[in-house]
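Me: I'd like to learn how to read a structure like this one. Could you walk me through it?

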Amino acid sequence: MHKRFLIFSAMSVVFACAGAKVRLPHVLGDNMVIQQDADVRLWGWARPGAAVKVAASWTEASVEACADGRGRWQLTVKSPKADGRRLGLSFDDGDGAVSLNNVMAGEVWVCAGQSNMEMPVKGFDDCPVEGYNEVVAGARADSLIRFVKIPSVMSMTRLDDAQCGWEQCAPSTVGDASAAGYFFAKTLTEALGVPVGLVMANKGGSRVESWLGEANLKKLGTEPTDTAGIVKQFPEDYKRTLVWGNGTFAPIENLTVRGILFYQGCSNVGAPGNQYSDRVAMLAAQWRGAFGRGDIPFYIVQIAPYESGRADGTWSAMLREQQVRASRIIPNSGLVCTNDCVYPWELRQIHPSQKRKVGERLAYQALNKTYGFGAVRCESPSFKRLTVSGDTCYVELENTYGGVSPLEGMEGFEVAGADKVFHKAGARYVPGRGVVVTCPEVAAPVAVRYCFRNFMTGNVSNMGGLPLVPFRTDDWDE
């Protein structure tokens, strides 16, 4: 394992400029989607000092850049609005032209995180994705959805290229697309009528620290940034700091993108205090800085209920709580709740099958907050205020869009008295009063929790059909 790690760490993409025509990174390729109506960054390598001319099929104007002493060049081209045309680009440094074909202008989103974002439409072994056959049967060769999978590679240095290629979603290819990403893109294309490009840069089991750059890791002061220290502290390579960002994310950071979808957290369960949310915020700022488009959207998927060693434990619930905090401290962010995205038999399934809901809810966030579809209800209901009167708790919620369901038979609530022992509680919704929670075993309640367990699902939703975000009104350690 160490040998493999060191080999990847030593990797760097080297271009021998002498006597060769201009070269592009693989992430710029045939079939790609470029961000519509934007100053799109294009880059590559040529002879040192060579003038690289870029011609685009949608304009008569050409753009030129001069390769530096290492043969690197970069420029921007104004892209058109999405209109369904197949576009082309040509790059010429005088030693021969390179062309990109079947390019489309549309919306480009990054699918980042760990295995539940990586999970393809065809699923993993013993981990199916619900609706696979329906997706394959409905995929068309001229689909507006396109994707590129960045290989999961470790490196101690930042790589500037990755062996990858863009694919159009068709029956033969759609199975390899991120399932959450695909359902997000499908909803977006239906609403916007434009192509959507998914850039899948993720790694199963990775921690948030796996994606932080060296400068940010050194600011933390607790995470190793040298090869020996990383290998010693993290024998399991998927948990390692620094290397996944260097090898898997760095190659895409020159792309021009609309936003980032982030589904990660399982490997950070147990992180103390606000550590996780603070580090996610640091990562969001790092990636936004690299993409150079300001505070682009950053939409977070909450980790789903999972046994995590003990179903009635709370350590996973505390990580979900941190994800809520992250969505609130990161500008232009949002949260997708997944409390209802697991079946009872998925107690020990770290990769639950219901990815359609995840992708669609990410799309609702984007449609409402990024694309101006104000009528789309994108927020899950969440806790606002607790009032206790005698033996009865009144829980006020926000983001209900005018109502909560069901009125009777609510499940997932617990209450505790001063002894901090929680008991299952009955709950019902009373318009004007909120959720009324009572428990015969607790005569003097002081705290209410909803689905605040490693694996616990409730049935409360708002008028948009979105599930209540798990919460607690206390700040106890357990």
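Reply: Gladly! Start with pLDDT, the predictor's confidence in each residue, from 0 to 100. This is a predicted model, where local features need pLDDT of at least 70 and side-chain atom pairs count only at 80 or more, while totals for chains, interfaces and linings use all residues. Residues are numbered from 1 along each chain as its sequence is written, and side-chain values use heavy atoms, without hydrogens and water.

Me: What does the chain average in pLDDT, and over which residues does pLDDT stay under 50?

Reply: The average is 95, and 96% of the residues score at least 70. Residues 1-19 stay under 50; for them the model has 40 contacts (heavy atoms within 4.5 Å) beyond four places in sequence. Where pLDDT is low, the predicted coordinates should not be read in detail.

Me: At what angle do helix 4 and helix 10 pack?

Reply: Two packed helices are described by the angle between their axes and the distance between the axes. Axes are lines fitted to C-alpha atoms over the stretch in contact, and angles run from 0 to 180 degrees between N-to-C directions. Helices here are DSSP runs (H or I, at least four residues), and strands are E runs of at least two, numbered from the N terminus. Helix 4 (residues 179-192) meets helix 10 (residues 355-369) at about 45°, with the axes 7 Å apart.

Me: Is Y263 buried or exposed?

Reply: Buried means under 20% relative accessible area, exposed over 50%, partly exposed in between (1.4 Å probe, protein chains only). Y263 sits in strand 11 (residues 259-263) and is buried, because its relative accessibility is 3%. Beyond its neighbours within four places in sequence, Y263 contacts residues including M117, Q302 and V358. Y263 and Q302 are 39 residues apart in sequence, yet 7.1 Å apart in space, C-alpha to C-alpha.
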